[in-house]
Amino acid sequence: MDTLCITGGRVLHPDGRVREGDVVVDREAGTILGVGADEAIAKHAADASETLDATGGLVIPGLVNAHTHVSMTLLRGYADDKPLDAWLREDVWPAEAELTDDDIEVGAELGVLEMIRSGTTTFADMYFATDRVADVVDRAGVRARLGHGVVTVGKSEEEAIADVEESLAVAADLDGAADGRVRTAFMPHSLTTVAEAYLREGIERAAAEGVPVHLHANETREEVDPILGERGERPLAYADDLGALGEGNFLAHCVHVDDAEIELLAETGTAAVHCPASNMKLASGMAPVQRLREAGVTVALGTDGAASNNDLDLFDEMRDAAMVGKLAADDASAVPAEAVVEMATAGGADALDLPGGRIAEGEAADLAVVDLDAPHLTPVHDPVSHLAYAVRGSDVRHTVCGGRVLMRDREVLTLDADAVQARAAEAADDLVSRV
Ligand SMILES: CSC[C@H]1O[C@@H](n2cnc3c(O)ncnc32)[C@H](O)[C@@H]1O
Ligand SMILES: [Zn+2]
C-alpha cells in the first residue's frame with residue numbers, strides 16, 4: 001500500500017485532546033488509515049512510502065478559511081482605515097473594475113501560497129473569473145468551495161441577469177473539478193447589493209439543483225437598517241423568505257444578528273462564518289460568537305479578503321476570534337481556545353460541507369504539522385492554548401491535503417513561491433497604475 005506516515009509528534013484529536021502518536025495516510029484514497037502509537041501503527045510507519053517528521057511538533061487538521069476573496073491579495077494594503085461602504089465604493093470596486101482574469105489567477109496563486117504556508121488546506125472563495133481560481137486550486141493541491149459573486153446594483157436588467165446566470169453556470173460547470181477538490185456554490189454578494197427578484201430566482205434555481213448558497217449577511221448596521229426600514233423585517237427573516245437559509249448554506253459575518261436571527265440560523269442549520277479581523281478593521285462590529293455557538297449554530301472562521309485583514313493566516317484569526325469574542329460577551333471565559341480551534345477545523349469543514357477538519361481513521365488526510373520548538377512557544381503547558389493564542393502561520397512545518405504533501409519543511413512543492421511572489425507584485429503594480 002502507498003502510505004505517508006507523519007511520525008514522532010503529538011496529535012490533536014477531534015475531542016480536543018492531544019496525545020503522542022503517528023498519523024498513517026493511505027495516499028491513494030487520500031484518507032487517514034490510522035492514528036496512534038500502537039503496534040499496527042508502528043508497523044505502518046516502518047513500511048511507509050513517505051515520511052514526514054513531526055518531532056517536537058503538533059499534528060493538526062488542515063485549517064479551513066471559510067470566507068475569503070483570495071485574489072484580493074493584489075489589493076493588500078491598497079486601501080485602509082475606512083468603513084465597509086466607503087472602502088468598497090471609493091477604493092476597492094474601482095480597482096476591481098480594472099482586474100483582468102490573469103490578475104485574478106496570479107492573486108489566487110499568491111493567496112493559496114500564503115494559505116499553504118500557514119497550514120490552511122481548504123477555503124471558500126467568492127470572486128470573479130472562477131475558472132482561473134479553480135485552476136489554481138487544481139495546481140496547488142488544496143480544496144475549495146468556489147463561486148462567482150453576483151452584484152446587481154448599478155447594473156442594467158440585462159447585465160444583472162447575465163451575472164446571476166454566470167454564477168449558476170459556474171456552480172454547475174466547475175463542481176467536482178480538480179479531482180473533486182473543487183465544489184461550488186451560488187454566491188450573491190449580499191441582501192442589499194443584489195435586488196430581490198434576482199436573489200429570489202437565483203436561490204430558487206440553486207436549491208433546485210442542490211447547489212449551496214453563500215452570501216455576506218448582517219455585516220454592518222448600515223446594511224441591516226435599510227432592510228429593516230424598507231421591508232419591516234430583519235435581514236435573516238428576509239433571507240429565510242428568499243430560501244437562503246438551510247443545511248449546506250453559509251453566511252459570512254453575521255455581526256448584527258438579534259436573538260430571533262440566531263435562532264433562525266440554528267433551526268435551519270445555516271452556518272455562520274466569523275471574520276473577526278475584517279470586522280475589526282472595517283469597524284463593522286463584534287459578532288456574538290458565544291451566543292451563536294450556545295444556540296447550536298455551526299460557526300466557522302474566515303479571513304475575508306487580504307485587503308481588509310491584511311493576511312490569510314488562520315492562526316491570527318483564531319486569536320482575534322478568541323479575543324473579540326470575550327469583549328463581545330464581556331466575559332473572559334467566552335470563546336475559549338478549544339472553541340476557536342474547533343471553528344478553524346471541524347467547524348469550517350462542516351460549514352463548507354467539505355472533507356477534512358478532523359484527524360481520525362477514514363477522514364480526509366488534510367493535515368498541518370506545527371513546530372512547537374520556538375521561543376514564543378516555550379513552555380508548552382497546553383498545546384491547544386498555543387494554537388489559539390501563540391502559534392503563527394510561519395510555525396507550520398508541513399502541510400498535507402488529501403494525502404499529498406503540499407509543503408515539506410516550509411518548502412511549498414506545488415507552486416513556485418518565488419515566481420508567484422514576483423508575478424503578483426508586478427501584477428499589483430500594473431493594476432494600481434491602471435486605476
Ligand atoms: C462580488 S465578488 C465579492 C465582492 O466582495 C467584496 N468584498 C470584500 N470584502 C468584503 C466585505 O467584508 N464585505 C462585503 N464585500 C466585500 C469584494 O471586493 C468583491 O467585490
Ligand atoms: Zn467578504
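Predicted model: local features only at pLDDT ≥ 70, side-chain atom pairs only at ≥ 80, totals over all residues.
**Entry 1: cores.** I looked up the largest nonpolar core and found 111 residues in it. Those with the most contacts inside this core are Ile60, Trp87, Val112, Phe123, Phe186, Phe315 and Leu387. Helix α3, residues 101–117, gives the most to the core, with 8 residues. I then checked the domains. Domain 1 (3–61 + 356–410) and domain 2 (63–352) both contribute residues, so this core lies between them. I also noted a second, separate core of 15 residues. Val25, Ala54, Val59 and Ala365 are among its members.

**Entry 2: Trp87.** I listed the contacts of Trp87, leaving aside neighbours within four places in sequence. The partners are Met72, Ala79, Lys82, Val92, Leu282, Ala307 and Ser308.

**Entry 3: largest pocket.** I read a volume of about 910 Å³ for the largest pocket. Its lining has 43 residues, and Leu88, Trp93, Val151, His189 and Thr193 are the closest to its centre. Helix α2 supplies the largest share of the lining, 8 residues. Elements that each supply at least two lining residues include α3, β9 (120–127), α5 (157–174) and α7 (221–231). By class I noted 18 nonpolar, 13 polar and 12 charged residues in this lining.

**Entry 4: second largest pocket.** I found a volume of about 210 Å³ here. Of the 13 lining residues, Leu168, Ala171, Ala172, Glu209 and Val211 are the closest to the centre. Helix α5 gives the most to this lining, with 3 residues. β11 (182–184) and α6 (196–208) each supply at least two. The classes are 6 nonpolar, 2 polar and 5 charged.

Terms used: Residues numbered from 1 in each chain as written. Chains lettered and ligands numbered in written order. Heavy atoms only, no water. Core = buried A, V, L, I, M, F, W, Y, C linked by side-chain atoms within 4.5 Å. Buried < 20%, exposed > 50% of the residue type's maximum accessible area, 1.4 Å probe, protein only. Helix = DSSP H or I, 4+ residues; strand = E, 2+ residues; numbered from the N terminus. Domains from an automatic or database assignment. Contact = heavy atoms within 4.5 Å. 1 Å grid on protein atoms, 1.4 Å probe; cavity = no way out; pocket = protein on both sides within 12 Å on 5 of 7 lines; lining within 4 Å. Points joined across faces, edges and corners; volume = space filled by probe spheres on them. Nonpolar A, V, L, I, M, F, W, Y, C, P; charged D, E, K, R; others polar.
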